[in-house]
Structure formats: structure tokens, C-alpha cells
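Welcome, and please take a moment to look over the sequence and the model below. The report that follows walks through the fold and then visits a few residues one by one.

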Amino acid sequence: MKNLGRSIAAFALAMLFAGAALAQGVVQSMRGDVRAGPAGQPGAAIAVNQRLAVGAAVTTGPDAQAILRFDDGQQVVLHQNTEFRIVDFRYEASDSKNDRTVFELIKGALRMASGAIIGRNRQAVALRTPQATIGIRGTDFMVALVNPAYVSVLEGAVSVTNAAGTVGFGAGSIGSVASSAVLATAIPASALPAAASAAFSSMSAAAGVAAAGGAAEGAAGTAGAAGGATAGTAAAVGAAAAAVAGAAAASRSTSTTTHH
């Protein structure tokens, strides 16, 4: 019976790491202890160039980092002590009808740089967190779950939606989401806790990561998603902001709120 259980587990793991016909992501680079397997089960160590399919949960250990690249070119940087799940991913270069990206950040921190799907089908992309669902609009952004959740937009724009409503954030802005019942709010970089600031600094420095799919187009799309205005950024920030946003000494910001 024990051998049968092991065989079933091995088969499930093999399916998650199947060939190109079933898999949609690949481990672009990594360091430290990075594991993957069926959600809810212990993961196995993975390696660079290993393929990952829908349903895989990826975890990183202390001082570890992984960069995943998906078939449409989008990239996900996983910070240390992170748990991430590929809920759904569908992409065919010649047909946009079935485009879909749904990822879930269960704990830890990540950075997402958009790919081809976002350029042609913005509504098909979402990141789930315990506090809110983040809609991506042609974007390079980061999220850290340190209770509450923090969002930093490097490029483009995002919409943050939960039971309290939707808020749009533009490039250079930082938001906080206390819980699934509390509306997201904009905060200055100086208000970031040390854990979130360190995660953002580390992920913003990740090599070989860049958004595709049209940041300008995505920023314009946030107006509809957030129920109002386009997000642009403003805030003179100190050293923490330079680490988080990657450069801007002064930029302009607006965010729009829609209440349910």
C-alpha cells in the first residue's frame, strides 16, 4: 500500500513536470532551496530549465530566489520563504480566445513582469492574494505579504480589488491592503515595514526581468478597471523608495476608488 502511494505521488509529480505539451512555465534561474509539487503536498527540489504545469505550487526556502518564465514571456520572481501557485495558464501565440493567467501568492513576496497575454487580453490576467485580487494592466509590479499586503508598481498600472472595492495604482506608487474587507490605500515608501522594503529591494534588482505587452496601454486600461482615472505617480521619496521603485526621485501619482 505504501508503495502504491509513492507511485501515485511520483506520477502526479511527473505530470506537473511534463513536456512542452502540458507545461507552460520554466525555471529561468534560481538559487537556494526551491521546490515544486502538487498543491498541498510536499514539493521536490527543482532545477534551472525545469518545466512547470498548471497546478504546481512552488516554494522557496530561506535566502532562496527563483525566476519563472512563462510561454507568453511573462516572468515571476519569487522571494525567499514564498509559496506560489500556478492556478491557471493558457496561451497560444496564434489565438487569444483562450488566454488566461491566474496565479496565487499564498505567502511571502513576488514580482510579476507581464508578457504577451497582457498586451492583447488584459482582463485574462489576475494575481490572487489573501487580501485582494490584483488585475494587471501592462505592468511590472511587486507584492509582499507581511500582514497587511503591500503592492509596489514599477511600471504600468494595477487594480486591487476585494470586498470593499477597487483601487488603481500607477507606476511608482505603493499601496497597502489590510484585509479582504478593507479598501487598498496609497502609502509613502517611508511607511513600508522593513520586511516589505527588503523584499522589494531584492526583487527589483533581479537580473533579466522586464515587462512586455505595452505598459502605456496597460496604464490607460486601469481607468476602466479602477472605475476612473489613469494612474501616474507622484512622491518625492527617500532611500527606501529608490530601492523599491528603482529610480524616480519625483513622479506623479493618482489612484481611483470604486466602492461596492
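## The chain as a whole

Of the contacts in the chain between residues at least 6 apart in sequence, 55% join residues at least 24 apart; contact here means heavy atoms within 4.5 Å. This is a predicted model, in which local features need pLDDT of at least 70 and side-chain atom pairs count only at pLDDT 80 or more, while totals for chains, interfaces and linings use all residues. Residues are numbered from 1 along each chain as its sequence is written, and side-chain values use heavy atoms, with hydrogens and water left out.

The chain holds five helices and 20 strands. Both are DSSP runs numbered from the N terminus: helices are H or I with at least four residues, strands are E with at least two. Of its 260 residues, 47% are buried, where buried means under 20% relative accessible area, exposed over 50%, and partly exposed in between (1.4 Å probe, protein chains only). The accessible surface of the chain is about 10800 Å², and carbon and sulfur atoms account for 55% of that surface. These areas come from the Shrake-Rupley method with a 1.4 Å probe, and for residues only the protein chains shown count as cover.

The mean pLDDT of the chain is 78, with 72% of the residues reaching 70 or more. As a reminder, pLDDT is the predictor's confidence in each residue, from 0 to 100.

Two stretches call for care. Over residues 4-23, pLDDT stays under 50, and the model has 29 contacts beyond four places in sequence for them.

## Strands 6 and 7

Strand 6 (residues 65-70) is largely enclosed by the rest of the structure, because five of its six residues are buried. Strand 6 pairs with strand 7 (residues 75-78) in the antiparallel sense over four bridges; two strands pair if DSSP finds at least two bridges between them. One of the residues involved is A66, whose bridge partner in strand 7 is L78. Four residues lie between the strands of this hairpin, where G73 takes a positive phi near 100°.

Strand 7 also contains V77. Is V77 buried or exposed? V77 counts as buried because its relative accessibility is 0%. Leaving aside neighbours within four places in sequence, V77 is in contact with Q65, A66, I67, A109, L110, R111, M203, A206 and V209. With M203, V77 is 126 residues apart along the chain, yet their C-alpha atoms are separated by 6.7 Å.

## The aromatic residues

The structure holds three aromatic pairs. F70 and F103 form a tilted aromatic pair, with 4.8 Å centre to centre and 35° between the planes. The pair links distant parts of the chain, as F70 in strand 6 and F103 in strand 9 (residues 95-113) are 33 residues apart. Rings of Phe, Tyr and Trp (its six-membered ring) pair if their centres lie within 6.5 Å; planes under 30 degrees apart count as stacked, over 60 as edge-to-face and the rest as tilted.

F70 is buried, with a relative accessible area of 3%, and F103 counts as buried at 0%. Together, F70, F84, F89 and F103 form one aromatic cluster.

D88 sits in strand 8 (residues 83-92) and is buried at 12% relative accessibility. Its side chain makes a polar contact of 2.8 Å with the side chain of R90. A polar contact is a pair of N or O atoms within 3.5 Å; within protein, one must be able to donate a hydrogen and the other to accept it, and residues adjacent in sequence count only if both atoms are side-chain atoms. Beyond neighbours within four places in sequence, D88 is in contact with V54, R100, T101, V102 and F103.

T166, in strand 15 (residues 165-170), is buried with a relative accessible area of 7%. The side chains of T166 and T161 make a polar contact of 2.8 Å. T59 belongs to strand 5 (residues 56-60) and is partly exposed, with a relative accessible area of 29%. Not counting residues up to four places away in sequence, T59 touches D33, V34, R35, T82 and E83.
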